[in-house]
Amino acid sequence: MDFSLTKEQEMLKKLAAQFAEEELEPMAQEIDEQHVFPVENFAKMAKQGFTGVNIPEEYGGAGGGQLEKAICVEEFCKKCMSSGATLSIHLMAPETILKHGTKEQKEKYLPQLTKGGVLGAFALTEPSAGTDAAGVRTTAVYDEATDEYILNGTKCFITGGSRADILVIFAMTEPKLGTKGMSAFIVERAFEGFDHGKIENKMGLNGSETAELVLEDCRVPAKNMLGKKNKGFGMAMGALDSARVGVAAQAVGCAEGALELAVQYASERVQFGKPINRLQGIQWYLAEMKTKTEAAKALMLNAVYAAETKKRYSIEASMAKLFCSQTAREVVNLALQIHGGYGYMHDYPLERMYRDAKLTEIYEGTSEVQKLVISRSLVK
Amino acid sequence: MRIFVCVKQVPDTSGTVAVNEDGTLNRASMETIINPDDLIAMEQALQIKDETGCQVTAVTMGPPPAEGMLRELVAMGADDAILISGREFGGSDTFATSQIIAAGITHVGLQEDDMVFCGRQAIDGDTAQVGPQIAEKLGLPQISYASEITKEGNEVTVKRMLEDGYMMIKTKTPCLITCISDQDKKARYMSLAGIKHSYESPYQIFDFEELKDEPLIQPDKIGLKGSPTNIFKSFTPPQKGIGEMLEGADMKTAETLAAKLLEKHAI
């Protein structure tokens, strides 16, 4: 399989790396410490076209695909996981609307999300529906008099939930049918009955606000139903496959960023009269980190390739997500170890990356769920 | 209205600087970047394009891989690009280079309201000669060290930076302006939309065959043979030792300083 980039993709990678270094990295520590979403960073991403990287040009996007998305997310995450994750998760909304939306929905919402600087969000998780996504309790009841659906329920752990203006929200249109009674809706923040609840105080990824959504008789026009009625569960699972490839790209970027820092530090830190990269113990760590990171990247690109060429790619996405997230945690851990006491200090980026990397093993499906998806293809 | 922006691909001296045994730069082993002042020249041109919708053409002379740089400039916002490339042009010094680039611009045709922008100087040679020489060869008025450029009709107003101040100069188009970077000015990023179409935009290669009938292309004025500059020796200067700081504003310190300068035969 040829994973080499085209000239345009090479150029995109160069731009994303430059943008990450000049615009995202300088803010990374501050947004982590202050737990604040970097509004200006998102606006800058939109100005350059990153926020619509894999959406067709006719809808204001940059006309790329899964690979272009992965390139940007990976480069951003080398310098600032919060920013890379924000982009990756934002894209779930336009991707889902593009795939399942009507012409009218696409024309109305996609340009806002791709180039208008509007943040998108994807709301499936609920207090009772985490790993078991079928446990969604939010209801959507049709009101014939107004041709609207009335949504009631609470969503939790929604990335960007406190900032997003356009959200894809999943609710039960026929609760007694279980997963076959779930539908998706495009919800605007301005809709009556929509609000966000508390913003979570997380361990990491603090520059990406994670919020609770409160839907109290939230009135959503029937024309804002996304896809067909009661077909929401399949749509959600499809969107999660794409999101998992995105998390794999985040994790690879994080591992690469940590490796870069470790290589640099090991060449500068002098102990016993020589740089510590002359010590075999450190050399072996670096070799292990590099090998794992490259293996993770290959698996991530394999999933990107599957996403671009196959209708279903759940197994590839889950394998990439499982391995890349585990690799990110291990590589960041070793990078921190190489930094010794300095790595444990807030002044150095590694303790932040250590906290950020952990989330890649949890969100968009825990590692255990990925194993479930993968093993189901083996044990029938 | 068109603005030609002359650019150069240079070694990235912020990384490792590789030097050959004969003292010349080992360009092949170094990363390349777009010369920083040239990027600012492109930004100035694109700002005028933002206001007027004029055409911006990136021009360079160099080997075929310089295409990548030109495509990046198109991704920033240039409309088209011209690569002047040929073995006959190799080894050119600033005189020959400006002769060839001027021929390239003449080949396209310079209209009444066109302008040529260059960076002040390139970070590899630091001569600041090519821009002014192109102006001379095209018979254009020139303004160097420009930090701000505004154009109204055929009149161009330029803020020209000096060591201890600036002067405002007006001239008429067509003209040539060399641009300088300052802390407040940053070239824009490439856009994703620009990147997508960077390899679809008009792109021309002018080789010797294409330009040979231009009056400026004369065998004794291009390439190594046409270059009056001779480099006798290139070398890396030895590093200076650590200086000694004397503190104090009194007579004794002054006497100490004078004694040390005498000792070194500096005075």
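His196(A) lies in strand β6 (residues 194-199) of chain A; helices (H or I, at least four residues) and strands (E, at least two) are DSSP runs, numbered from the N terminus. The model is predicted: local features need pLDDT of at least 70, side-chain atom pairs count only at pLDDT 80 or more, and totals for chains, interfaces and linings use all residues. Residues are numbered from 1 along each chain as its sequence is written, while chains are lettered from A and ligands numbered from 1 in the order in which they are written.

**The surroundings of His196(A)**

His196(A) counts as buried because 20 other C-beta atoms lie within 10 Å. The term buried requires 20 or more other C-beta atoms within 10 Å of the residue's own, exposed means 12 or fewer, and partly exposed is in between, with C-beta atoms placed from the backbone. Neighbours within four places in sequence aside, the contacts of His196(A) are Gly161(A), Ser162(A), Ala211(A), Glu212(A), Leu213(A) and Val214(A); two residues are in contact if their C-beta atoms, placed from the backbone, lie within 7 Å. Ala211(A) is 15 residues from His196(A) in sequence, and their C-alpha atoms are 6.6 Å apart.

**Strand pairing**

Two strands pair if DSSP finds at least two bridges between them.

| Strands | Sense | Bridges |
|---|---|---|
| β2 (residues 139-143) and β3 (residues 148-159) of chain A | antiparallel | 5 bridges |
| β3(A) and β7 (residues 210-221) of chain A | antiparallel | 9 bridges |

Asp143(A) has Glu148(A) in β3(A) as its bridge partner. A hairpin is formed by β2(A) and β3(A), with 4 residues between them, and in its turn Asp147(A) has a positive phi of about 55°. Opposite Leu151(A) stands Cys218(A) in β7(A).

**Domains and chains**

Chain A is assigned domain 1 (7-114), domain 2 (120-230) and domain 3 (234-376); such bounds come from an automatic or database domain assignment. The centres of domain 2 and domain 3 of chain A, taken over C-alpha atoms, are 31 Å apart. In chain A, 10 residues of domain 2 are in contact with 10 residues of domain 3. The domain 2 side of this contact in chain A has 7 nonpolar, 3 polar and no charged residues. Here Ala, Val, Leu, Ile, Met, Phe, Trp, Tyr, Cys and Pro count as nonpolar, Asp, Glu, Lys and Arg as charged, and the others, Gly among them, as polar.

Between the chains, the contact takes 13 residues from chain A and 12 residues from chain B. Helix α1 (residues 7-34) of chain A supplies the largest share of the chain A side, 7 residues. By class, that side of chain A has 7 nonpolar, 4 polar and 2 charged residues.
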